[in-house]
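This briefing covers backbone geometry and charged side-chain contacts. The structure comes first, and the notes follow by topic.

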Amino acid sequence: MADDSIDALIEDMVNAAKLPAKARAINIKSTVASFSTLAYEEGIVPAALDRLIDLVTIPNYLDQASLASVVRNLYPAERVSPNVMLHVVSALGHGALKAPLSLQAALLKWLVMVYHVLETPAVLAQAYSVLFNLLDTAAIRPQLAHLLALITRRKHVRPFRIQALLNLSRQTGNDPPLVGLLRVFKDYYPEIIVGEAVRGKASAFKHPDVLWRSRLAEIQDAHRQRAAEQRPTGPQSGFRVNRPVNRAQRNKAVPIVLTSHATEDSVTLEEVEDVSSFVAKMDKLELPNQLVAVLADPLLQKLLILRPNPESYQRISNWLSAVFQEVMAGDADEATLWEVLEVVREFVVQTKTIPPLLLSFFSQFFNIWGGEGKRDVCFDILGFTPFHDFGELHRLIFQPLEAAVQYFAPSSQQGLLQMYTNLLRQWTAILQASDSIPEHASATIASLVLHTNTLALTLLQTSPSVTTDATILDFYEQTTRVITDAKLKRYMRIELPPSPLIYTFLFNNSLATVSRICFILACYKRGIETAVATRPRAPATDAAPRIDSHTYDRPFVNLFNGYIMDVCNLFWRNRGFNDTDTNAQACTLSPATINALAAYAVSVDRALPLTSFFSLSHSPVLCYQSIERVRDLEDDAMEHDGEIRVRHGGPVTQSTLTRLANAGGMKLSWQDYRIEVLKNLADNGFPGIAELLKNAMTVLKRSIDGRLSIQGTPMQP
């Protein structure tokens, strides 16, 4: 609340600074006084500090007394960013756009007082020349010399600066701040600076306001404590025992690390403060009283990973078993269960492993659970399920889970889809790290994909949105990582998305969605081509069967080739919804539907047949990018070849390009135009369509960046 109040006061001061005093509707002095009180009590967060520095460094209509009061109360709650330091430095010097000298002195004093909490003090050292050249300004010299004394290093002490200081000191009658800075220089080069130059009374460069610094320390300590109390109670990365600052914030179900049976020769986890200490004492570290604290403590997790002990894990399993038995028996309330599961989730996310006991509990719990509560906790945990046969996992865990949460669709379906995406990602990582691929690996991954196909189609109907499309595509993009991995692609069979899903995405009103589904199909095409070109080999005795030309039968290849042919007909060949080409499926539309659409197209525009409605020039998601590319090409032509008499009005067709050239416009072939459009799409972050077309059509000889190589021909079984 205090931060909100300070923000409101800052907003009032900023607005008042834009108006002369007589034009203001508020009393700025009372506003500044209120701000000073709150800043003294709570401190200023970085975003507010940035605005205040702008306020005091940029010329405005506020009076000097108000601005000076603001500077005196700039108590940063966190470390001061380099941006703030540079803004202060930029306000120093002479000129109409610079801050008044009295305010410059106050800002330099403030930099001295917060020097110990600067995020990167080296930034001031980079501005050393700017600061040093301002020493001839008497009004800011004491504060400036103090700041220079703090940031001076050997590299800054140059002969020309020594000479400049000596000359300035003589001119000012050995001004104490200059003599003090000379003494700092003398510490680096005593043989150059003569003793007489640094004799006499000199500034000791004491801290300008010890009480101010003390208050700053109190503010920053309180801010750190508040931030610690607001953090979640799950495991935090680091090499210290997790010690909640506020007892009320501790997890009541899971105990904290506490070691009460240590000996003189042993070391407790509570004594470890950093990584060096942990490594040096690891062999002597004593395990805490309750090992289940590992669920919420990062240091204990590291110790058990580096010093595995079956007895330790058994103790943890026994504790979890007791909690789960109480839940199943009705002796523990629901809040306790979710509290434990939240901590278990953090443990699972950190260690990427699920205690086997937890899966056994879920298999019983989901059969009696009504789906209420924190479903996302279950989804997050099960995304790290070990790699086992999917059919068995589905029967014991996933099917009861889906039944329990079915009444909360479609949000629960979104969660399930994200869970299966995370599960596929986890299994991919496990298989990549395995020395040998299990025999059931391909079948298990295929079962997961086939099951998710149905879920994706259901979600596409129950919750059609851009978010849903993106979530579904995330899953299928994860499948491409399986079939394109150098190791896994030799063992994993490709399972295609359902036809309705593919065509729904191809006719989507989002260019990103269209590009992503095309890129997925391009990856599938490369994988299937590799398989059908691979001769069968004798299966290895210790590995899964390899993918070869016998993996995909003719109907499968023809179906996939139909998808590719339809895409080429839509975007490239101006033959959309054609079913006469080999394998073409007319986008699964019936002849009656196509005839009705064709009749409607003619009634709208006789010159544009239905077959061209989704070409690069006319597609609703591609037409803007296409004509914009033509505009860019015309601008380039005018810049290099002189003025062109006629510009293309759009949309582009083969005949309009011919008429354009004859009328004195840009000369561009139909083939080059389409390649330029594909290249432009790829350059703007939509490479999917170009990737699929260049992998499917031998007519494209050059890549999007100037040369499209032939990636393959239509596949044969």
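A salt bridge here is a side-chain nitrogen of Lys or Arg within 4 Å of a carboxyl oxygen of Asp or Glu. By that criterion, the whole structure holds 22 salt bridges. The model is predicted, so local features need pLDDT of at least 70 and side-chain atom pairs count only at pLDDT 80 or more, while totals for chains, interfaces and linings use all residues. Residues are numbered from 1 along each chain as its sequence is written, and side-chain values use heavy atoms, with hydrogens and water left out.

Helices are DSSP runs (H or I, at least four residues), numbered from the N terminus. Buried means under 20% relative accessible area, exposed over 50%, and partly exposed in between (1.4 Å probe, protein chains only).

**Salt bridges within one helix**

- Arg215 and Glu218 form a salt bridge with an N to O distance of 2.8 Å. The two are three residues apart in helix H12 (residues 210-230), which means that about one helical turn separates them.
- Arg215 is buried at 17% relative accessible area, whereas Glu218 is partly exposed at 43%.
- Lys525 and Glu529 form a salt bridge at 2.2 Å, N to O. They are four residues apart in helix H24, so about one helical turn lies between them.
- Lys525 and Glu529 are both buried.

- The side chains of Glu477 and Arg516 meet in a salt bridge of 2.9 Å, N to O. Because Glu477 lies in helix H22 (residues 466-484) and Arg516 in helix H24 (residues 511-532), this pair ties together parts that are 39 residues apart in sequence.
- A network of salt bridges links Arg631, Glu634, Asp635 and Arg647.

**Backbone geometry**

- Most residues other than glycine have a negative phi, and most peptide bonds are trans.
- The peptide bond joining Ala409 and Pro410 is cis, with omega about 5°. Pro410 sits in the loop between helix H19 (390-405) and helix H20 (411-433).
- Asn574 is not a glycine, yet its phi is positive, about 55°. Asn574 belongs to the loop between helix H25 (554-571) and helix H26 (591-604).
- Cys587 also has a positive phi, near 55°, and is located in the loop between H25 and H26.
- Is each of these two residues buried, partly exposed or exposed? Asn574 is partly exposed, with a relative accessible area of 24%, while Cys587 is buried at 4%.
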